[in-house]
Every structure is written in structure tokens, then in C-alpha cells.
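Please view the sequence and the model together.

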There are 2 protein chains.
Amino acid sequence: MPKTAQRTDLVIVGAGPVGLFAVFECGMLDMKCHVIDALDAVGGQCLALYPEKPIYDIPGYPEISAGDLIRRLEAQARPFKPVYHLDQRVEAVTPDGGERWLVETDAGTAINARAVIVAAGVGAFGPNRPPLEGIEDFENQGAGAGVHYLVKRAEDFRGKKVVIAGGGDSAVDWALSLAKVAGRLTVVHRRHKFRAAPESAGKLKKLARDGAIDLVIPFQLAALEGEGGRLRAVLVRDLDGGERRIEADALLPFYGLAQDLGPIAEWGLNLERNLVGVDPSTCLTNRPGIFAIGDIAAYPGKLKLILTGFSEAAMAAHAAYALVHPEQELHFEYSTIKGLPGGGS
Amino acid sequence: MPKTAQRTDLVIVGAGPVGLFAVFECGMLDMKCHVIDALDAVGGQCLALYPEKPIYDIPGYPEISAGDLIRRLEAQARPFKPVYHLDQRVEAVTPDGGERWLVETDAGTAINARAVIVAAGVGAFGPNRPPLEGIEDFENQGAGAGVHYLVKRAEDFRGKKVVIAGGGDSAVDWALSLAKVAGRLTVVHRRHKFRAAPESAGKLKKLARDGAIDLVIPFQLAALEGEGGRLRAVLVRDLDGGERRIEADALLPFYGLAQDLGPIAEWGLNLERNLVGVDPSTCLTNRPGIFAIGDIAAYPGKLKLILTGFSEAAMAAHAAYALVHPEQELHFEYSTIKGLPGGGS
């Protein structure tokens, strides 16, 4: 059965801060946007991974949390009524008659647009999963049980036997935090040295000296023990083959994020090491009508900063204007003069 | 007598929003800045010309006044202790031994710096002065009297005979505003049509129909009448040579801003129609160690947006780092990780 594609001016792939600001910039130039994101909420990494983390380099905000930044960017985009398609991945971007593109997602959404702006950050991202046999069986076993790659609520682990694996900031910070609620907390790391803020690593070692937590270093995860999705213990091994068994209700591996461009790699774009090469004067990729902005876009001198992505969003929007409104010359006006739809001065 | 130059990492020419953000970006990269501006306060045009005007396209601010934006940018720069040299113009930028620059102002300030970032907007700017003989004599005659190019307080004109000249937004907006306080208000414009927001132009014409103000169109300013700096009347002329005399305590010409690069034109930079050409990957000009950012910087695809200037500030700061700290490789870190001096997390 042929799908009926929705028709719009632009599809923006990625609802992180840069994608949201692209909605605003396109809106100011009288272009409508649909926005697609693999996550089930707008905000990208900012909201999914570190909503409470302060950011210091957003111009005009001496300090703002990632979550607040996202909420403000979403509010700024709202007057332009973007259509969000969340919790779905773009599977294909293919030519669709004339100079338009058909964008299709794994949820069956089909959108016909004049241009596409890829603001996909590092691509669909997910935690690095430790290479342990049968680990999938212990995932998604509910709050406080089995294997978790993110902590949503520390309280879920109250009284539980928790094993944290890893030696970076996430592992150390969560160890310090969960030490207060867990019944027993063990940190497994393959080195003696932690790659975390020195002050935090120092606190962790003091907790271990005081007997409040167990530090199992240098050890690596070796196997999981349990049945029917119920975790019982984590087996670890040192470099000499020495093994230990740690009783566990929950294992939290913090091994960083896997960056997965996913289907984007199949769209015929000019890729350079998981990044999309663009013309720095327009953010246009090698395919006409497909732009890339934010962390995924590469050109000489590129800085991976949110504020750089904002500037690229403006640039791509202005370049897309000529495609969406070919009949009109862009009489550029500052927002101070033009104002916003349905409000402003 | 030889001056003793102060020594610093960078001189930033221009304390508008982009110059202020450059202080922050340089500070995050451990570089100290001196900032020079021709105005007597930071903020550039934003604060000098339209402090109360709302801006809609600062990322993360659905609406912010120009004044508030400046105050926040200044606060963001403050931890890095910039040294401001206000109310003075940079007269010369000359090589000063090795790879450094000597920056000298008309107030006698001399600074030796490794690099210079020109964030001078449209240059030193000022109002366009009507070509009337002896107009200078009527300037700076105190509140509510003589010729003024800016209105600081509407109240100064209470009960006065005021002539506004011009047909743009400033002329129309101030006419609407001063109509409420002036004893008699006359608007002189050389055309029938106003280049202002249609709604405002409509209000102006209604005031004229109601007899609340006088609209003298199409007429041009011809001469000023008065003695000893005291204005008595404004003489105007139409295209056919017909003259009128309008009694006046004050004349407010709103003929737009003159953009004057001033001495910047003498620094050996690659100028393109009053703009400075830069390498878009670094914002470096044709002179090594001199960068240009914000509205004054030109490259293919350039957008004259404040947010674009912010991105350029980051780019120039990163490029300058290699000059200021040649011995150190820049290990780039996000502000979320690094935090700020003397605070932050």
C-alpha cells in the first residue's frame, strides 16, 4: 500500500539544541519544519544524558543547565509550530520527484520536503555495552534490578547490591551518589587511575578506605551470573587471570557512548570519519537540498560547540530559503524589526 | 617621551556583544584581554541606540532586550577580568618587536599584545548630519534645545517647539512619542511616503489629520535660524523651491547612521567596502595575529547576525590560542567539564 507522504518545506533530522534552533531560524524565514528524532523527547544528548549539568558557554548565559537551555530553545521554536516525529529513526532519504526529498522513518512516517537539514549530533547514540555473554537478558528488568546504562532515579537502588563498572566521570559521580543509598556498592575499574575530576576520584578513594564502598581495581568484567533475567552476581578478572565473584542485584556499566551514524551513512553524503562534509558558506552537503549542521557537520576550522551549531543553523536556513522560496529574493531583516508571528513588537 | 605600553595577550577592538563574548571565549582558553571602545560604556550600538528594543534571535532567548543581553554578556566575561579602555578610539596598530602588536588610542593608552581581535561592528558610528550651514553651532546646547541626533529623555522636550526631520522608523517612532509632550511638533520629510512600519505611519498621519502635529511633506531642510547657539526656526524648501519657516526650539534629524571605519582603514587590512575580509576557518585577516569578527568581518555566505558573531568569536579565540600559547597543544574541553575560574561546578 503506497504511503501518503506529508508535505512540508524542511525536514530537520535531530531535535537537539541545534535542530531546535534551526526550526526557529527557518520559521523566521517563513519556512515550515518537521523534526524527527530517535529519542522520545526533544533535547538530544543534553536532555537524555545530562539535563542537570551546567553549561557555561552559551552566549548571554553565564550558566544554564542543559535542560533549561532545551526548554528555552523549544519555546523559541514554538511560534513556528514545528511538527515533531519522536521515538523514530530516519531510515531513508530519497529523491521524490522534481527537486524534492522523501524522508521515511522506521515508524512509517513519510514526509516530502524541499530540503533536509541533518542536525543529528553524533548520530543515534547509545551506551557502549560490555562484551558479556547474555547481557541482553539482564537489561530492561525494571528499576533497581539487572543491567542499567543510565540512572534515572538514585532511589531505585536503595538497599540494593550495586556494581558500577568504569573509571570516567559518570562512573565516579554515580558511585559517590549511589554510595548514599545502595546496600552495598562496588566499583570495578580496569586501571588504578580514574579518568575523572581529581577531587571526585579522591572522594571515591576515601570512601573505599573508610570501608563505605568496595573498590575492585584493576579488574575487568568477565561474566554475569543469574537466571531468567534476574542478576545474582558479577564475575570479574584481573590481568593475571585472577577471578572474583561480586554479589549483585544491579550492574551499571559506564563505558561511554557509542556513536552510530546508522542509516545516515547510506544517504549518499560525503562522509569524513562519521562526520558529514559541508560547504562552510552554506552548510550544504554534496547532495543538493541536504544540509548538515552542528556536531555532525565538518569543514576546516570547525569547532564542536553548541554556539557554533546555532550559527550554522542560521546559515543553512538562509541557504535553504533560496530553495523553498525560489521566486522571492530574501530581503533580510533583523528580528528586532520584523518581530514574531502572533506577537512581539 | 616614550610611552610604557601595558602588556597583555589580546586586544579586542569594540565592546559590543561580539567583543564581550570574545573576552569570555579567550578567557576560557586562558588568555587575558584588554578591550577598547569609542563609546563611554560597553554594549556598542545595542546599548547606545536601542537598549529597550527586543531581540528575538539570540539562541535560548525567545525575547531579550538589547540592554539585558549586554548586561548578561558582560557578566559572562567578568570572571576573566577584562581591562576596559572606554571613550577612546584605536588610532594605530603597528608591529612591536617579534610577533607582537602595539595598539595605541587617541587617549594615550598603549597596549602591547600578541594578537588583536577587531570586533568593531560598523566602525565608530554616528548620526548622519544634515548638510546645513552652521549646524554645529546648534549642537550640544543642552537638553531640549538646539539640534539633537538622539533622544535621551522625552521629558526634556515638554512644552517645546520641536521639529523632527526624516521618514524612517526612528523619525516616526519619536514623533509618535514626542507628540505627547511637545508644545508643538512638526515632522519634515522629503517624500509623501514614510519608510516605517505601516501601522506607525498610519498613526502619524492620523495625528496630522487631527491637528495634533504638523506634517510638512514633501519638504527638505534648507537652513537654520538663530544666534549664539540658540535655535529659533527651521527653514524648509519643497522641490519647486517653495519655502516655509517653522518656529523651533529643537531640531531632531533622524537621517540614519554614518558608518565610519575611521583609523581601522589605515591598519593595512584587506578591506572590501568598509568590511574586513577574513579566512572563514579562523577569522584571521591578511595580517598575522589580527582577527576580525562580527559585522565588520566578511567572507562568503556571511550573515550579519549577533549569533554569527558569537560563533566567530569562538573561532578567533581558538585560532589565537596557537599564537598566545605556542608551546601548548590545545586540549579542547567543553565548559561543562572544565568549569569557570573561581566557581562553577
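Contact here means heavy atoms within 4.5 Å, and helices (H or I, at least four residues) and strands (E, at least two) are DSSP runs numbered from the N terminus. This is a predicted model, in which local features need pLDDT of at least 70 and side-chain atom pairs count only at pLDDT 80 or more, while totals for chains, interfaces and linings use all residues. Residues are numbered from 1 along each chain as its sequence is written, chains are lettered from A and ligands numbered from 1 in the order in which they are written, and side-chain values use heavy atoms, with hydrogens and water left out.

In chain B, α4(B) meets α5(B) through the residues tabulated below.

| Helix | Range | Residues in the contact |
|---|---|---|
| α4(B) | residues 169-178 | V172(B), D173(B), A175(B), L176(B) |
| α5(B) | residues 198-209 | S200(B), A201(B), K203(B), L204(B), L207(B) |

The residues of this contact comprise six nonpolar, one polar and two charged; Ala, Val, Leu, Ile, Met, Phe, Trp, Tyr, Cys and Pro count as nonpolar, Asp, Glu, Lys and Arg as charged, and the others, Gly among them, as polar. The axes of α4(B) and α5(B) lie 10 Å apart, at an angle of about 45 degrees. Axes are lines fitted to C-alpha atoms, for helices over the stretch in contact, and angles run from 0 to 180 degrees between N-to-C directions.

In chain A, three strands form an open sheet in the order β14-β15-β16, with antiparallel pairing; two strands pair if DSSP finds at least two bridges between them. Strand β15 (residues 230-238) of chain A is joined to β16(A) by five bridges, and A233(A) has E247(A) in β16(A) as its bridge partner.
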